[in-house]
Amino acid sequence: MKIKGAIFDLDGTLLDSMWVWEKVDADFLGRRGFDVPDDYQKAIAPMGFKETALYTIERFRLRESAEDIIQEWNEMAMRTYHEEVCIKPGTKDVLEYFKRRGVRIGVATASYSSLFEGCLRRNGVYDYFTAFTETSEVARGKGFPDIYLRAAEKLGCAPSECVVFEDLHQGILAAKNAGFYTVGVYDAKLSYSWRDMERDADLAIRSFEDLRLPNDCPHSLDEYNDLM
């Protein structure tokens, strides 16, 4: 099957941004008298913003609405995304590689356009993307295939015609089970799941710079195994 689409997660995959959310979590909970529990980041990793807000409200017995919490998180992260967050090494080369070969490029993210659009524009990569899909558009988070299926639909591709790049192990499993070719991308903040990623993804890379991109785009998804 010829490759027609490439779908990328943003935080931790294309963007070196997971540190921002660690700080947001620490500051947000600290304002309310809590430390960040050891298992909190792992628990919320596959969730979208609203699901995370509802989980946080229940876990810490907060008397706030999910909408107000999401707005506070966005306000806390906005300046850092717009001024400091950078793309990971090799990102632009990979996006350029796909674009030159006519592969449609999409995003599947738990973030919001108000955060990532300015960041992608500042880093000079926004115009590479054909479509953006957020978890707020689908019923379930990244432990399920909904967002990847929606992203493929926007690109006009079947799952079997798409490759998904993702740093989240639950996302890799969901995409793979839905028929996508999967590339697990290492991020230090999710290092606890790296061995599982290496086992379960069709291909696992520590950096986009590790990909040996040939002159011609692979004609089938199986040929991605030859890029390492």
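Contact here means heavy atoms within 4.5 Å. This is a predicted model, in which local features need pLDDT of at least 70, side-chain atom pairs count only at pLDDT 80 or more, and totals for chains, interfaces and linings use all residues. Residues are numbered from 1 along each chain as its sequence is written, and side-chain values use heavy atoms, with hydrogens and water left out.

**Threonine 135**

Threonine 135 touches Gly48, Phe49, Thr109, Ala110, Lys142 and Ile147, not counting residues up to four places away in sequence. Threonine 135 sits in the loop between E5 and helix H7 (146-155). Helices (H or I, at least four residues) and strands (E, at least two) are DSSP runs, numbered from the N terminus. Threonine 135 is buried, at a relative accessible area of 7%. Buried means under 20% relative accessible area, exposed over 50%, partly exposed in between (1.4 Å probe, protein chains only).

**The sheet**

Six strands form an open sheet in the order E5-E4-E1-E6-E7-E8, with parallel pairing. Two strands pair if DSSP finds at least two bridges between them. E5 (131-134) and E8 (203-205) are the edge strands; each has a single partner strand, so one side of each lacks a neighbour in the sheet. Neighbouring strands are turned by 20 degrees against each other on average, direction ignored. Axes are lines fitted to C-alpha atoms, for helices over the stretch in contact, and angles run from 0 to 180 degrees between N-to-C directions. E1 (residues 5-8) and E4 (residues 104-109) pair in the parallel sense over four bridges. Alanine 6 has isoleucine 105 of E4 as its bridge partner.

**Helices**

| Pair | Angle |
|---|---|
| H3 (residues 49-60) and H4 (residues 66-83) | about 110 degrees |
| H5 (residues 91-100) and E1 | about 155 degrees |

The axes of H3 and H4 are 9 Å apart. Phe49, Lys50, Thr52, Ala53, Leu54, Thr56 and Ile57 of H3 meet Ala66, Glu67, Ile69, Ile70, Trp73 and Asn74 of H4. By class, this contact has eight nonpolar, three polar and two charged residues. Ala, Val, Leu, Ile, Met, Phe, Trp, Tyr, Cys and Pro count as nonpolar, Asp, Glu, Lys and Arg as charged, and the others, Gly among them, as polar.

H5 lies across E1, E4 and strand E6 (162-166).

In H7, the buried residues are Asp146, Ile147, Tyr148, Ala151, Ala152 and Leu155. They pack against E1, E4, E5, E6 and helix H8 (169-177).
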